[in-house]
Amino acid sequence: MNFLVLGDIFPSSLNLLKKKLPIIKRKHKIDFIIANGENSAPDALGITKKAAKFLFKIGVDVITSGDHIWDKKEIFKFIKYENRLIRPANMSKKMPGVGYNIFKKKNKKICVINLMTNKFMPKSQNVFKIAHSLSKKFKMTKNVDFIIIDIHGEYAAEKKSIGYLYDGKATLVFGTHTHIPSADSIVLPKGTAYQTDLGMCGDYNSVIGLNKNIFLKKMLNPKNTSSNSPASGVSSICGAIVSAKNVSGLASNIKQIIIGNYTKAKTIKS
């Protein structure tokens, strides 16, 4: 089975995704799509019901999130009945919604888990304890066929540690939140695909998706309280494609995907 995972989606990328997703699905024979949508609202703060429905309509199967999930009050009600929108599992149990769910595709059970790191992020339960308990609850070849985890956070070491915690126990562990695509996509020793951060789907002529000029002025003058807004120039799509084995659920390969205005520097191969 082939999975497409997409980094934090900014509003400027929605039309590009509408245009390109059908092409990507057809070209790479994609069976299931997961996208982090917590920046897809018009102001890039949170997600709206309208944005979520748009993403589902253009082909996204599951939307994950992170620290901005509650920025729009309407989501408190929407997430209660929309099981395709999930929030970090280690958030307070008092919050609505769930941090994981099982979805069926082609007679296969796909478990999608959303976690959030602890360092430099809003207060939440210990991510490693929750991750460890979920690794016992859901097991490939036992009660699910594939397990995919979005680990949303700032600190790369926490993300990589979750990758190794799940190595051999999950299909894919990918990071979101920094809006910068990392160049470390790899299949770990025991068969779990991993990438520290997928980057964002948005305008890279910006500072993490926001207007670069306003951001710079605020950095140069800490007293500047001007509100920022999402950059609205030419967008790129950033994510990864993972092929997984139907019998074991483990990954056979992972390929970083970057489409649009953002181009990577060429690497030198020895």
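The questions and answers below set computed values against definitions.

The model is predicted, so local features need pLDDT of at least 70 and side-chain atom pairs count only at pLDDT 80 or more, while totals for chains, interfaces and linings use all residues. Residues are numbered from 1 along each chain as its sequence is written, and side-chain values use heavy atoms, with hydrogens and water left out.

Q: Why are helix 2 and helix 3 called oblique to each other?
A: Their axes, lines fitted to C-alpha atoms over the stretch in contact with angles from 0 to 180 degrees between N-to-C directions, cross at roughly 40 degrees and come within 10 Å. Angles under 35 degrees count as roughly parallel, over 145 as roughly antiparallel and 65 to 115 as roughly perpendicular, the rest being oblique; helix 2 and helix 3 are therefore oblique.

Q: What makes D31 and K106 a salt bridge?
A: The term requires a side-chain nitrogen of Lys or Arg within 4 Å of a carboxyl oxygen of Asp or Glu. The closest N and O atoms of D31 and K106 are 2.6 Å apart, and the two residues are 75 residues apart in the chain.

Q: How do you know whether D43 is buried, exposed or partly exposed?
A: Its relative accessible area is 34%, so D43 is partly exposed. Its salt-bridge partner K72 is buried, at 18%.

Terms used. Helix = DSSP H or I, 4+ residues; strand = E, 2+ residues; numbered from the N terminus. Buried < 20%, exposed > 50% of the residue type's maximum accessible area, 1.4 Å probe, protein only.
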